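Please look over the protein shown here.

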Amino acid sequence: MDTTRRGFLAVAGASAAGDAAHAQSHEHDHDHAHQAVPSDPALRVKSLESLLVEKGLVDPKALDTLIDAYENKIGPRNGARVVAKAWTDPEFKKRLLANGSAAIAELGYAGLQGEHMVVVENTPKVHNVIVCTLCSCYPWPVLGLPPVWYKSAAYRSRVVIDPRGVLREFGTELAEDVEVRVWDSTAELRYLVLPERPAGTEKMSEEELAAIVTRDAMVGVSNLSVPGPGARA
């Protein structure tokens, strides 16, 4: 699975082109209108983006940079602070696992798309992963904008059927004795994964811990590790 934004849009466009060619070449003996181009939201986004770029109204590199910032840097920093707080404050962690919405609101992160939150904890024997099989429900107040791969039909359909296979595509290998639990978000209920705290971070401050927490770990498609030789032991 190509998890990059442009990779996903390219696949969607290629698929649509193939479908359109098939529709035009296929003969029918009944009289009704057919849509030559699928109504896939990703394809509509690609078409709109292509038009804006063609007219010189949008710089594709600037657009990628802006989206990357909201997907990976600005939005997920809230969730990272929640995770770091839970790692360093046992009482907060208890409240977080008992009532995610209330505990997250203590840090000021609440609002639309995050009214009802459940936090699930990864352990050495349990690995949690989040999906929304019906659409793309996502906890905006703590994770920002949902990444393209999270909204894709491929991820939404496959992760509930073959979660280990999907996790491997993200580079996450789990031992056979680790149970994988898939949590299906809805319009009423959103989830956040509390990742395992990496070994070797015992002397890190809460701020330093927040800096190593990633969006993908809070969705559950990756694990965390101490970054580089500069990490404090």
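## Aromatic pairs and salt bridges

Tyr 155 has a relative accessible area of 0%, so this residue is buried. That value comes from a predicted model, as do the others in this report.

Phe 170 is also a buried residue, because its relative accessibility is 17% and the cut-off for buried is under 20%. The rings of Tyr 155 and Phe 170 form an edge-to-face pair, because their planes stand at 80° with the centres 6.4 Å apart. The cut-offs explain the call: centres must lie within 6.5 Å, and planes over 60 degrees apart count as edge-to-face. This pair links distant parts of the chain. Tyr 155 sits in helix 9, residues 153-161. Phe 170 sits in the loop between helix 10 and strand 3. The two residues are 15 apart.

Phe 170 has another ring partner, Trp 149. What is the geometry of the pair formed by Trp 149 and Phe 170? The pair is edge-to-face, at 4.8 Å centre to centre and 65° between the planes. Trp 149 lies in helix 8 (residues 148-151) and Phe 170 in the loop between helix 10 (163-169) and strand 3 (179-184), so their pair ties together parts 21 residues apart in sequence. Are Trp 149 and Phe 170 buried or exposed? Both are buried.

These contacts belong to a wider group. Ring pairs join Tyr 138, Trp 149, Tyr 150, Tyr 155 and Phe 170 in a cluster. The structure as a whole has 7 aromatic pairs.

Now the charged side chains. How many salt bridges does the structure hold? The count is 8. Three of them are listed here, among them one between helices 9 and 10.

| Salt bridge | N to O distance |
|---|---|
| Lys 85 – Asp 89 | 3.4 Å |
| Lys 125 – Asp 177 | 2.4 Å |
| Glu 169 – Arg 158 | 2.6 Å |

Take the bridge of Lys 125 and Asp 177 at 2.4 Å. It links distant parts of the chain, 52 residues apart. Lys 125 is in the loop between strand 1 (117-121) and strand 2 (126-131). Asp 177 is in the loop between helix 10 and strand 3. Lys 125 counts as partly exposed because its relative accessible area is 48%. Asp 177, at 47%, is likewise partly exposed.

The bridge of Glu 169 and Arg 158, at 2.6 Å, joins two helices. Glu 169 belongs to helix 10 and Arg 158 to helix 9, 11 residues apart. Glu 169 is partly exposed, with a relative accessible area of 36%. Arg 158 is partly exposed too, at 29%.

In the bridge of Lys 85 and Asp 89, the closest N and O atoms are 3.4 Å apart. Lys 85 is partly exposed, at 22% relative accessibility.

Finally, the whole protein. Its secondary structure comprises 12 helices and 4 strands. Of its 233 residues, 38% are buried. Among contacts between residues at least 6 apart in sequence, 71% join residues at least 24 apart. The accessible surface is about 12,800 Å², and carbon and sulfur atoms make up 57% of that area.

Conventions. Residues are numbered from 1 along each chain as its sequence is written. This is a predicted model: local features need pLDDT of at least 70, side-chain atom pairs count only at pLDDT 80 or more; totals for chains, interfaces and linings use all residues. Side-chain values use heavy atoms; hydrogens and water are left out. Buried means under 20% relative accessible area, exposed over 50%, partly exposed in between (1.4 Å probe, protein chains only). Contact means heavy atoms within 4.5 Å. Accessible areas come from the Shrake-Rupley method with a 1.4 Å probe; for residues, only the protein chains shown count as cover. Rings of Phe, Tyr and Trp (its six-membered ring) pair if their centres lie within 6.5 Å; planes under 30 degrees apart count as stacked, over 60 as edge-to-face and the rest as tilted. A salt bridge is a side-chain nitrogen of Lys or Arg within 4 Å of a carboxyl oxygen of Asp or Glu.
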